[in-house]
Amino acid sequence: MREQCRIWWPKHLSSTEPSSSYTFLFGWFVSCASASLDIVVAFACDESSFSGCQYSLKEILCNTNRSMSITLQDKSMFSLLGQCAACPSDNDPLFGIGVGDNDKKKYSTCHIACALNSEGMLRKRNRRYYCGCHKLDGLLEKHRQAATGSNHWIEMAYDPYEIHGRNIHCIPKLHHIHWNGRLVSQCDVHVILYETPTYGASHFSLSCWNSFKKVKIPLKEPKWIDELHQKQPLNGLDAVILAMNSATASKMVFQRHVGSSRPFTKFSIICMLIALGLVWQLLAVSMASLSTIFYIFLQFLHSLLGFGSQSWIYTISKRLFNTAWINIQIRCGQILFWPILLQDNDSRSQSCVEYAEKAALRKHSMWSSLAVDLLLGNLIGFSLLFNAESVCLWVSDFANDTTNELLRTGCVWLMGVPAGFKLNTELAGVLGMISLNAIQIWSTLWFFVDSLLVYLVKGLAILGILFGMTVPAALVRDMILLVTLHVSTLHWMISLLYSQQIQALAALWRLFRGRKCNPLRQRLDSYEYTVKQHIVGSLLFTPLLLLLPTTSVFYLFFTMMNTSISLICMLIEVIISIIHATPCIKIVLWLVRRRRFPAGIWFEIVTCHSNSVNSPEIVSLDKIISPSKNSLHQENITGRSHVLVSILQSNFFTIGQIVIPHYRKVFTRVSRSYFARSAYGVLTGKRISSTLGTKLPSTMPWMFIPYKEYWCLCRNSILACMLECDCHLFQ
């Protein structure tokens with residue numbers, strides 16, 4: 001079987017002409033099969049970079065490899081891959097090793113000599129081995145000999161090839177590979193040009209970020225589906241993608257040990273950082289001071305509530321304003337713990353761009369959502385604060401119109417002949433008078449509360465300014481349930497009467513059919529009733545059935561009113577959960593730089609040709625992908641190898657693919673049969689819940705540390721973000 005080799009080449013190495021005649025390639029050899037090899041080139045440097053280095057090459061490679069992620073270390077080791085010549089001519093000895101036939105015979109026998117022992121490569125000709133490897137100096141030559149004898153070594157050259165509109169001036173061309181002690185010069189080569197991933201710009205990824213496990217599979221999947229999932233169509237690409245994402249980190253660690261730097265560039269960056277550092281220090285001190293003031297205020301409120309936590313007023317208020325209490329706990333925990341979450345440094349993020357991106361999104365997601373919530377709260381809070389009187393007037397008019405035009409008029413209408421239905425006058429009068437009296441009592445209480453409405457609106461505005469939009473929204477939801485308590489009470493009373501009447505009619509109907517309910521076995525059994533039981537059942541069934549329309553009309557009216565209130569509360573609950581779950585930092589970053597959210601890779605083919613020993617030949621892509629048996633046999637005889645050059649591209653997430661998984665988490669607790677159960681509950685007289693059960697962020701435990709320590713913690717967390725930005729500027 002012919003060997004296959006994929007060379008992952010940084011695009012910036014092909015965008016400029018090489019500065020020196022030979023450059024050394026550093027990266028990873030990833031072998032996923034015995035006949036295939038992936039060579040990930042991280043960066044290249046010339047021999048002058050090692051001058052004045054305090055460490056040996058082996059120590060530099062070991063230290064660089066240790067700084068990589070454990071997953072990458074298990075799959076491959078960072079090493080010196082080989083060397084690359086700078087744009088050789090046709091007469092260059094790298095491609096024509098010797099001028100005559102004798103030299104060609106030496107070259108053909110070099111493959112056998114290298115396979116037998118490494119001494120066969122020590123025969124030199126003009127500082128070049130007969131296999132084509134360039135003679136190195138000192139420790140580099142020892143490292144090359146060790147690599148060619150035991151592991152891998154690659155010899156390449158820049159082939160001038162201009163791609164219009166791509167800023168590519170040369171493409172690397174493979175000469176030969178020392179593959180586990182064997183010299184391989186004829187193999188299928190796929191050269192893939194990729195842009196080096198950098199933090200804040202782009203990186204590569206094979207899988208989706210937001211993947212959820214299936215909770216339950218109701219039906220057994222066929223066997224071929226399991227085999228399809230177990231099949232690995234992209235062998236070794238996980239390690240390759242991880243290596244490419246770690247290329248920038250490996251280059252930084254390598255340059256730190258070698259000591260190579262760009263003093264002019266770094267000096268300009270340092271000057272800019274010094275100027276920004278003063279502004280950042282001022283920002284850190286101001287934010288720490290503001291957070292400490294808020295921290296002192298929260299600790300005072302917590303200690304104040306701690307004294308009355310055992311009183312009945314505290315217990316009742318906590319039950320009445322349950323949603324507001326939960327959101328206040330969530331917000332207080334976010335305000336207390338934001339400096340700790342901002343300092344959450346993942347050690348893996350320093351070795352891989354993908355890990356760094358995920359760690360940054362996880363670290364900045366909480367405070368970004370908090371900032372957006374506070375911004376919305378300030379906008380609504382100041383609007384309410386400046387228009388408190390007009391808001392109070394509108395709320396009063398709406399409450400009066402709802403009470404007079406809807407509730408009272410509706411009850412009076414039901415006491416007459418609603419929609420032409422002939423109802424029981426006595427029962428309708430009793431139910432109507434009870435409803436009107438309850439509405440009148442609640443309206444009288446509302447008249448005394450109306451004078452405090454202005455202060456209540458201003459209190460909501462202040463809560464929105466201090467705690468964000470979710471806290472006053474939760475308080476408004478609880479207040480809606482409180483001010484409509486009379487409607488809920490009337491609905492509960494009439495629904496109880498309606499459900500008891502329905503159950504009695506169902507039991508009497510079973511009596512007429514000769515059936516009896518068996519609650520132990522959940523079924524209906526046959527039963528012989530006596531004549532007296534049938535007579536009593538008939539006497540009860542007739543009035544209950546005739547009174548059912550009157551009860552149903554009142555039940556339907558108050559069910560519509562209570563359902564409307566419940567839907568408004570559910571809408572507010574969903575808005576609060578969506579505000580908490582919205583990934584604001586991801587949306588902003590997606591709008592600014594979409595390349596930070598990759599979702600798979602694809603290859604853009606640039607050129608495709610077939611190399612032979614005698615001359616190159618252009619081959620169609622179909623012949624390379626699906627060659628026939630005769631063509632394969634002929635190519636193996638002539639020594640022809642395929643060379644495919646492509647550019648690595650990425651797919652990117654849409655805004656819906658980023659946001660929808662977060663919103664899906666909000667409704668994980670909502671059952672799919674919720675609406676069906678609610679409709680069945682309405683028909684049978686059961687109450688509808690005013691909450692949907694959406695998911696909220698988990699509450700955090702209360703934290704108390706000294707004020708000075710908390711101020712230092714806030715300041716250091718903001719300064720740590722500046723240091724993180726400085727590290728990524730030097731990439």
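Guide: Helices here are DSSP runs of H or I with at least four residues, and strands are runs of E with at least two, all numbered from the N terminus. This is a predicted model, in which local features need pLDDT of at least 70 and side-chain atom pairs count only at pLDDT 80 or more, while totals for chains, interfaces and linings use all residues. Residues are numbered from 1 along each chain as its sequence is written, and side-chain values use heavy atoms, with hydrogens and water left out.

Visitor: Okay. Where is Ile 494, then?

Guide: Ile 494 lies in helix α17.

Visitor: Is Ile 494 buried or exposed?

Guide: Ile 494 is buried, because its relative accessibility is 1%. Buried means under 20% relative accessible area, exposed means over 50%, and partly exposed is in between, using a 1.4 Å probe and protein chains only.

Visitor: How far is Ile 494 from Tyr 555?

Guide: Their C-alpha atoms are separated by 5.7 Å. Along the chain, Ile 494 and Tyr 555 are 61 residues apart.

Visitor: Let's talk helix pairs. How do you describe one?

Guide: Two packed helices are described by the angle between their axes and the distance between the axes. The axes are lines fitted to C-alpha atoms, for helices over the stretch in contact, and angles run from 0 to 180 degrees between N-to-C directions.

Visitor: So what do α17 and α18 do?

Guide: The axes of α17 (residues 485–513) and α18 come within 7 Å. They cross at roughly 150 degrees. That makes α17 roughly antiparallel to α18. Angles over 145 degrees count as roughly antiparallel, under 35 as roughly parallel, 65 to 115 as roughly perpendicular, and the rest as oblique.

Visitor: Which hand is the crossing of α17 and α18?

Guide: Left-handed. That means the near helix is turned anticlockwise from the far one by less than a right angle; clockwise would be right-handed.

Visitor: What about α13 and α18?

Guide: Helix α13 (residues 388–415) packs with α18 at an angle of about 165 degrees. Their axes are 10 Å apart. So α13 and α18 are roughly antiparallel. Their crossing is right-handed.

Visitor: And α14 with α17?

Guide: The axes of α14 (residues 425–449) and α17 come within 9 Å and cross at roughly 160 degrees. These two are therefore roughly antiparallel. The crossing is right-handed.

Visitor: Back to α18. What is its span?

Guide: Helix α18 covers residues 531–581 and spans only 64 Å between its end C-alpha atoms. A straight helix of 51 residues would span 75 Å. The expected span is 1.5 Å times one less than the number of residues.

Visitor: Where is the kink in α18?

Guide: At Leu 548, shortly before the proline Pro 549. The kink is about 35 degrees. The bend at a residue is the angle between axes fitted to the seven residues ending there and the seven starting there.

Visitor: Are Cys 392 and Cys 584 buried or exposed?

Guide: Cys 392 is buried, with a relative accessible area of 6%. Cys 584 is buried too, at 13%.

Visitor: Last one. Where is Leu 375?

Guide: Leu 375 is in helix α12 (residues 353–386). Leu 375 counts as exposed because its relative accessibility is 53%. Its C-alpha atom is 7.0 Å from that of Gly 468, 93 residues apart along the chain.
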